[in-house]
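The following account considers a protein from its overall composition to selected local features.

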Amino acid sequence: MSAPTATAEAAPMSRRQTLEALSGLLLVLFVAMLSSTVVSTALPKIIGALNGSQTQYTWVVTATLLTATATTPIWGKLADLFNKKLLIQVAIVVFLAGSVAAGFAQSAGQLIAARAFQGIGVGGLQALVQVAIAAMIPPRERGRYNGYLGGVMALATVGGPLLGGLIVDTSWLGWRWCFFVGVPVAIIALFLLQVTLNLPTVRRQNVKIDYLGATLIAAGVSVLLIWISFVDDSFAWLSWQTGAMVGGSLLLLALAVWVESRAAEPVVPLHIIRERTTALAILGSLAVGMAMFGGAVFLGQYFQIGRGYSPTEAGLLTIPMMAGVLISSIVAGRMITTSGRIKPYIVFGSIVLVAGFALLGTVDHETSLVLVGVAMFVVGVGVGMTMQNLVLAVQNTVALSDIGAASASVAFFRSLGGTIGVSVLGAVLARRVSDRITHDLAAAGIPTTGGGGGSTLNLDALPEPVRQIVRAAYGDATGHIFLISAAIAVVGVVAALLLRPVTLRSSLDLPDTGRTVAVGADAVDGAPAFDEVSIEPGGREERARR
């Protein structure tokens, strides 16, 4: 592997400089999250206006997650090789182009394609913001800044649905502004980062980008997710299409692992993935992503189609979940900074997440909104205590030179889990809704057109008796989705329990990275170690690798 031409660690930023740089980074994160949340409550109206189906409804969300997932490790690896600020700005430009294209879409197919391109930028923003923050703030101190991250998450997740609902409910705006609204915010973030963010660039000689590995990973994941979306609808589980797509996906991913094990600059470094902490955090992120994205993405649909609320009202009804995210991330972040311990909060959060989804699994089209609100708040608490802290646990174990690949690996598997979750749960929901509508229409003596539930999202075009049947079908089927999410989230509990208890380090880089550490002595290159630096967590794992 090519060596860096400069290894000196940059001087730590002052608190003022850190907050100034964070302002631009958090605005970028807000824009990335807003792109998904602003359409969550508006999507039923959007798909209805474009005469789309339930499958297309799912794919508007899945397309963004798919491309974001496939490109996340590439962005992360590039961050270890090139200027991080420039990469963030490139990702913003890609995001802007995708947003404008989505706003001008004339059909559900065009919207899905634009959202897929937008997802390339989203993948970069989500991964690179984490990388930039890790390059500025030591893990021990990062806990207190997680409150800011939690605040942005809560604002984007609460404000997004509200904003989306208001946009589609305002006649002189229309649904297209759900995609245009992020453009001015992204432009502001672009210029703000240019002024406030200054990160050192560690340039390497003979840089080699693993294009083959990146292509194989993207292709393998894409084929698998396309199969998940269409199986049991367009073709049977046991069919030649299933064999071809699943077999092809596994073959591509196996080739990707082989290529990554031999590449000079692998997109996903296997030595990082094999670390116990990283492997468990990835497993936990996979489960959290499947449960969180796969379950929560259907809440807007539940409130509008299953309960009959407007998009604006549906946005307001999601506030309890975001309140849980905000409160838990701030409280847990402060406590983690104080104690330096992170495992107890991840374990507790993962257990709470399972409990929240189990409560949501009891809902139907007549459930009390108080119970639904309590369940969403519990889910929010679980998400706020697990999602960011799993990334932090991994960042604590790796050297600064590998922080991009490590952070992106966790984000990659979390997005992968979310994409699989949306695809699988969306397919299950579509099948249950279709079967329920067909059964209830037959029981009511109403002739069916043969389409089942495939094109039932434009409720305004349905007669009242049919509309009530469709609402009941969606409201009752959604609870089943959340029960599946709860079962998936149990995997996250197991992974959290197996994490090794560590104390977060107080230095940006591992104390022994690029230097000689005398094992058993408090010296680095013959000089006394800083009192506030604990080399025990990272140092132990580094020695174990050697």
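The model is predicted: local features require pLDDT of at least 70, side-chain atom pairs count only at pLDDT 80 or more, and totals for chains, interfaces and linings use all residues. Residues are numbered from 1 along each chain as its sequence is written, and side-chain values use heavy atoms, with hydrogens and water left out.

The secondary structure comprises 20 helices and 2 strands; helices (H or I, at least four residues) and strands (E, at least two) are DSSP runs, numbered from the N terminus. Of the 546 residues of the protein, 58% count as buried, where buried means under 20% relative accessible area, exposed over 50%, and partly exposed in between (1.4 Å probe, protein chains only). The protein exposes about 21,300 Å², of which carbon and sulfur atoms supply 66%; accessible areas come from the Shrake-Rupley method with a 1.4 Å probe, and for residues only the protein chains shown count as cover. Among contacts (heavy atoms within 4.5 Å) with a separation of 6 or more, 84% join residues 24 or more positions apart.

Helix α13 (residues 299-306) is largely enclosed by the rest of the structure, because 8 of its 8 residues are buried. Tyr-302 and Phe-303 are among these buried residues, as are Gly-300 and Gly-306. Just after α13, Gly-308 takes a positive phi of about 85°.

A pair of aromatic rings is described by the distance of the centres and the angle of the planes. Rings of Phe, Tyr and Trp (its six-membered ring) pair if their centres lie within 6.5 Å; planes under 30 degrees apart count as stacked, over 60 as edge-to-face and the rest as tilted. By this rule there are 5 aromatic pairs. One of them joins Trp-175 and Phe-179 edge-to-face, at 6.2 Å centre to centre and 90° between the planes. Trp-175 is buried at 13% relative accessible area, and Phe-179 is buried at 3%. Phe-104, Trp-177 and Phe-180 form one aromatic cluster.

On the surface, Leu-326, Ile-327, Ile-330, Val-331, Met-335 and Phe-377 form a nonpolar patch with about 470 Å² of accessible area together. Helix α15 (residues 319-339) gives the most to this patch, with 5 residues. Ile-330 is found in helix α15 and counts as partly exposed because its relative accessibility is 35%.

Terms used:
Patches are made of residues with over 30% relative accessible area and no salt bridge: like charges are joined within 9 Å, nonpolar side chains (Val, Leu, Ile, Met, Phe, Trp, Tyr) within 5 Å. A salt bridge is a side-chain nitrogen of Lys or Arg within 4 Å of a carboxyl oxygen of Asp or Glu.
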